[in-house]
Amino acid sequence: MRSWVYHRPTSIRTPTAVFLDIGPLAFILVEFSAQLKQFLQLSTPSNEHWTCTRDALVGNCGENHPMMKSMTVVVVGGGVVGFSTAVCIAEALPYCSVTLIADRFTPDTTSDVAAGILICSPFPDIPLEQQQRWFKETIDHLLAIAQSEQASEAGVLLSSGWQIHKELPVDKVPFWSAFVLGFRIMTDRELKRFPDHKFGQAFTTVKCECSNYLPWMEKRFRKAGGQVVKQKVNDLQELSSQGYDVIVNCSGLGAKSLVGDSQVYPVRGQVLKVQAPWLQHFIRDGEGQSYIYPGMHSVTVGGTRQVDDWRLEVDPEDSQDILERCSSLEPSLSRARVLGESVGLRPSRKNVRVEREMVLLGSRQVPVVHNYGHGGWGVSLSWGTALEALGLVRKCLHERPPRARL
C-alpha cells in the first residue's frame with residue numbers, strides 16, 4: 001500500500017489527470033479525485049505534529065470537487081483551543097473557507113493568563129485512551145515547535161522540575177507520564193528540600209506561553225487562508241444568515257450562554273509574574289494550588305482554584321497568600337520583584353465536550369461541532385482535541401449535500 005502525505009505549500013496546483021506509462025501504451029486516468037483514491041488506496045495515519053499532515057486530509061474531495069470548493073466553516077472562540085482548531089481545519093481542508101470569530105483576542109483571553117505547562121488531570125467519563133491520545137498529540141506538536149527555529153517566536157520551550165505531594169497520590173504514575181520526557185519518582189535526597197511533602201515526580205515537559213503562541217498561531221492561520229473577525233456572538237442564531245456549512249464552537253466559558261450549557265462553570269485563577277531569573281526548574285504542588293513556573297521572560301507563581309467565582313479583579317489578599325505559599329516552597333521568591341498580576345476564569349466542565357450535533361438555525365439544520373470545557377487543561381489538550389474536532393468537521397462536510405447555487 002502506498003501512502004501520500006499532504007503538506008500544504010504556499011501555492012499548489014492540483015493535476016487534472018494522472019499518466020501511467022506502461023510500455024507502448026499510456027492510459028490517462030481522468031476524474032482525478034475518484035480515480036486517484038481508487039489507485040492509491042489513500043489512508044489516514046494516526047499522528048500529527050507541527051503541521052496537519054494526514055494522508056488525504058480532504059478525503060476523496062479534490063480541488064475541483066464542487067462540494068469542497070463551496071464549503072464554509074466558522075470557528076467561534078479566540079483562545080488556544082479556538083486557534084488550534086481553526087489552524088487544523090484551514091491547513092487540513094485548504095479548499096474550504098474558514099473564518100474565526102471572537103470578541104476577545106490576545107492578550108485579553110483566558111489562555112493569556114494560563115501558565116501553559118503541559119500536565120493534566122483525567123476527566124471522569126472520557127476513555128483514558130482518548131485522553132492519552134489528546135495529550136500525546138498536543139505535546140508532540142509542541143515538542144516539534146520547541147525543537148525548531150520558530151520556538152522563540154512561538155513561545156514554546158522545554159521545562160524541567162518537580163511535582164510534589166503531601167500524601168501519596170492515588171496514581172503515582174499519571175496517565176500522561178509516558179509522553180513527557182524522563183519521568184521518574186523523586187529520590188529521598190530530592191524530597192529533603194520539601195520537608196512537608198512525602199512523594200514527588202520529576203520530569204521534563206513543555207511550557208507554552210500563550211502571549212507569544214496565540215499571535216504566532218493567528219499568523220499561521222492567516223497564512224493558511226483563514227479569516228479573523230472581531231465580533232461577539234451571543235447566540236448561534238446570529239450566524240444563520242451567513243450560511244455557514246459547519247459551525248465549530250470553541251467558546252470556552254461562553255458556551256454557558258452561547259449554547260445554554262448549564263454544565264459549564266468558572267474556576268477563578270489568579271497568578272503573579274515575578275522577576276526571578278535565578279529559578280530554572282518548576283515546582284508544582286500535586287493539588288495544583290501552588291506552583292512556580294519559570295518562563296521565557298518571567299516566573300509565573302500561583303494560584304487559586306475558586307469554583308463558581310466570576311470575579312476578574314485582582315484580589316490583593318489572594319496575591320499575598322500566593323506569595324507566602326510559593327515562598328515556602330522556594331524561599332528565594334521572597335526577594336523577587338512582582339511584575340504583574342492577572343486573573344482568568346477557567347472554562348470548567350465535568351467532562352470536556354468534543355462532539356457534534358445538528359442545530360436548527362433559521363430554516364436550516366446546521367451541524368455544530370463542540371470543542372470546549374477543558375478547564376485548566378486547555379493548553380495541554382488543545383492540539384489533540386483540535387484534531388478530534390477536525391475529524392468531526394470532515395464527517396459533517398462529507399455527509400452534507402452541496403448547497404444549491406443561485
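Which residue's side chain meets that of Glu190 in a salt bridge? That would be Arg184, with N and O 2.7 Å apart. The views below take a closer look at this predicted model.

**View 1. Arg184 meets Glu190.** The salt bridge here joins the side chains of Arg184 and Glu190. Arg184 has a relative accessibility of 38%, so it counts as partly exposed.

**View 2. Six strands make an open sheet.** Reading across the sheet, the order is E8-E4-E3-E9-E17-E16, and the pairing is mixed. At the edges sit strand E8 (227-230) and strand E16 (353-361), each pairing on one side only. From one strand to the next, the twist averages 25°. Helix H3 (residues 80-92) packs on this sheet and touches E3, E4, E8, E9 and E17. The direction of H3 makes about 170° with that of E4.

**View 3. Strand E9 has neighbours on either hand.** E9 (residues 246-249) pairs with E3 (residues 72-76) in the parallel sense, over four bridges. Here Val75 stands opposite Val248. E9 also pairs with E17, again in the parallel sense, over three bridges, and Asn249 stands opposite His370 there. In a regular strand, side chains alternate between the two faces of the sheet. In E9, Val246 and Val248 are on one side, Ile247 and Asn249 on the other, and all are buried.

**View 4. Val248 sits in the largest nonpolar core.** This core has 72 residues, and Val248 is listed with Ile89, Phe135, Trp176, Tyr213, Phe221 and Val393 as having the most contacts inside it. Helix H11 (residues 378-399) gives the most to the core, with eleven residues. Beyond its close neighbours in sequence, Val248 is in contact with residues including Val73, Thr85, Ile89, Val369 and Val393. A second, separate core has 19 residues, among them Phe194, Leu272, Leu329 and Leu333.

**View 5. Asp261 reaches Arg349.** The closest N and O atoms of this salt bridge are 2.9 Å apart. Asp261 lies in the loop between helix H9 and strand E10, and Arg349 in the loop between strand E15 and E16, so the pair ties together parts 88 residues apart in sequence. Both residues are buried.

View 6. Asp321 and Arg325 meet at 2.9 Å, N to O. They lie four residues apart in H10 (residues 316-329), about one turn of the helix. Asp321 counts as partly exposed at 35% relative accessibility, while Arg325, at 18%, counts as buried. Elsewhere, salt bridges that share partners join Asp309, Arg311 and Asp315 into one network.

Methods:
Residues are numbered from 1 along each chain as its sequence is written. This is a predicted model: local features need pLDDT of at least 70, side-chain atom pairs count only at pLDDT 80 or more; totals for chains, interfaces and linings use all residues. Side-chain values use heavy atoms; hydrogens and water are left out. Two strands pair if DSSP finds at least two bridges between them. Helices (H or I, at least four residues) and strands (E, at least two) are DSSP runs, numbered from the N terminus. Axes are lines fitted to C-alpha atoms, for helices over the stretch in contact, and angles run from 0 to 180 degrees between N-to-C directions. Contact means heavy atoms within 4.5 Å. Buried means under 20% relative accessible area, exposed over 50%, partly exposed in between (1.4 Å probe, protein chains only). A nonpolar core is a set of buried Ala, Val, Leu, Ile, Met, Phe, Trp, Tyr and Cys residues joined through side-chain atoms within 4.5 Å. A salt bridge is a side-chain nitrogen of Lys or Arg within 4 Å of a carboxyl oxygen of Asp or Glu. Lists of a residue's contacts leave out its neighbours within four places in sequence.
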